[in-house]
Amino acid sequence: MTELAVRHGAINLGQGFPDVDGPPAMLEIARNAIAEGVNQYPPGSGMPVLREAVAADRAARYGLHHDPESEVLVTVGATEAISAAILGLVEPGEEVLLTEPYYDSYAASVALAGATRRTVPLTRSGNGFVLDVDALRAAVTDRTRMLVVNSPHNPTGTVYDREALTALAELACERDLLVLSDEVYEHLVFDGRTHIPLASLPGMAERTITVSSAAKTFNVTGWKIGWAMGPRELIDGVRAAKQFMTFVGGAPFQPAVAHALTHEQDWIASMRADLERKRTFLSHALSDAGLKVFDSAGTYFVCADLTPLGRTDAVAFCRELPGRIGVAAVPVSVFVDDTASWNHLVRFAFCKRDEVLTEAVARLNGLQ
Ligand code: PMP
Ligand code: GLN
């Protein structure tokens, strides 16, 4: 879709990446790091300064404690943390449980590990989506090794509440599952919500690998600096896979992200407030353009149903949109196995400058 957007000069509300830079001091530190020769392999687990900053930030915000030496691993984006966790901790023939829609790299990583994915759909509730923990429970078998959880959720923007997370935690403990908790959008929660890390629930710290990333926290999706956190034995497994995937990455970016984690909480708060406003703006605009819009409580994304426009095939719709009105979006069916059930939904990214969103909205008004 990004390729189509480029070809048609369309506004890209498809791929989720912001169009403004992160905190200036962070960018300056990366520039200086290159100039000062921070250009060779960093340590295998990542630079101590970044591991310490990750651990300190997690302790300050959530009261969760990780030894920066052995329980924090710096990765090439959250993408590598996800793949390395699955490759390092799941054996061929075992099963991994995903909720659907799921971020696409989960399925690919499960396949690379020679494991089998089982998916359970989110269910509709009011104007949004909720987890069906009973359905997840029913999908667990003797071969299920890992449950992948993603809240705030890409693509729907759903944020699981404490009740849902508690039910998930109980299931994980009951069936002795490992949990991979993808919390890359941990800062991007709206309307006064606070992010609840899954590892903070009873019984979870010892079985959860949590993944996050500088990409979404500091608007640097191209830096590919992410991290995995969890108990030592699990992080050892993740590191064992990571070592032969990339070994290390992004040396000059690591001190910059460390600095930002320590000093840029105000920047994060203002970015979140901006995104919340953009979420509301685009949601209303899509509704005015005739789509049925779902509530987005977090992330970069809002989903909408095309049925009121007389359309039911989001793939065809998204393929024609860049050429027809100069806007790109992504069909939700690319994030699912059961494409028939999700084929009428489209995901739009709102992490764009106001003038870009305003122009996109003007174009979307040409839909009817
Ligand atoms: N998980 C989710 C849910 C995402 O949306 C993304 C980014 N699109 C990632 C992981 C990957 O993050 P990174 O860019 O740090 O590899
Ligand atoms: N996470 C972003 C998205 O879902 C982009 C990642 C990608 O393009 N692979 O749009």
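Predicted model: local features only at pLDDT ≥ 70, side-chain atom pairs only at ≥ 80, totals over all residues.
Leaving aside neighbours within four places in sequence, Leu275 is in contact with Leu188 and Cys351.

**Leu275 and its surroundings**

- Is Leu275 buried or exposed? Leu275 counts as buried, because 23 C-beta neighbours lie inside 10 Å and the cut-off for burial is 20 or more.
- Val189 is 86 residues away from Leu275 in sequence, yet their C-alpha atoms are 9.2 Å apart in space.

- The chain is divided into domain 1, made of 2-21 + 266-367, and domain 2, which covers 24-263.
- Taken over C-alpha atoms, the centres of domain 1 and domain 2 are separated by 25 Å.
- The contact between them takes 28 residues from domain 1 and 28 residues from domain 2.
- Which elements give two or more residues to the side of domain 1 that touches domain 2? They are helix 11, strand 12 (301-305) and helix 13 (339-342).

**The nonpolar core**

- The largest nonpolar core holds 117 residues, and those with the most contacts inside it are Ala85, Met146, Val179, Ala228, Val257, Val346 and Phe348.
- Helix 4 (residues 77-89) supplies the largest share of this core, eight residues.
- Ala85 is in contact with Leu180, Ile209, Ala228 and Val238, leaving aside its neighbours within four places in sequence. Among these partners, Ala228 is also one of the residues with the most contacts inside the core.

- Strand 7 (residues 144-150) is mostly covered, with six of its seven residues buried.
- On one pairing, strand 7 runs parallel to strand 3 (residues 95-100), joined by three bridges. Here Leu97 stands opposite Leu147 of strand 7.
- On another, strand 7 runs parallel to strand 8 (residues 178-182), joined by five bridges. In this pairing Val149 stands opposite Ser181, and Asn150 stands opposite Asp182.
- To get from strand 7 to strand 8, the chain passes through helix 7 (residues 162-174), and this β-α-β crossover is right-handed.

**Arg145, a partly exposed residue of strand 7**

- Arg145 is found in strand 7, where six of the seven residues are buried.
- Why does Arg145 count as partly exposed? It has 18 C-beta neighbours inside 10 Å, and the partly exposed class lies between 12 or fewer for exposed and 20 or more for buried.
- Not counting residues up to four places away in sequence, Arg145 touches Val90, Glu94, Glu95, Val96 and Leu178.
- One of these, Glu95, is 50 residues from Arg145 in sequence and 5.7 Å from it in space, C-alpha to C-alpha.

**Strand 12 in domain 1**

- Strand 12 is among the elements on the side of domain 1 that touches domain 2. Four of its five residues are buried, so strand 12 is largely enclosed by the rest of the structure.
- Strand 11 (residues 292-293) and strand 12 pair in the antiparallel sense over two bridges, and Val293 has Ala304 of strand 12 as its bridge partner.
- Strand 12 also runs antiparallel to strand 15 (residues 345-349), with five bridges joining them.
- In that pairing, Leu345 of strand 15 is the bridge partner of Asp305.

Methods: Residues numbered from 1 in each chain as written. Chains lettered and ligands numbered in written order. Core = buried A, V, L, I, M, F, W, Y, C linked by C-beta atoms within 7 Å. Contact = placed C-beta atoms within 7 Å. Pairing = 2+ DSSP bridges. Right-handed = clockwise from strand over helix to strand, strands pointing away. Domains from an automatic or database assignment.
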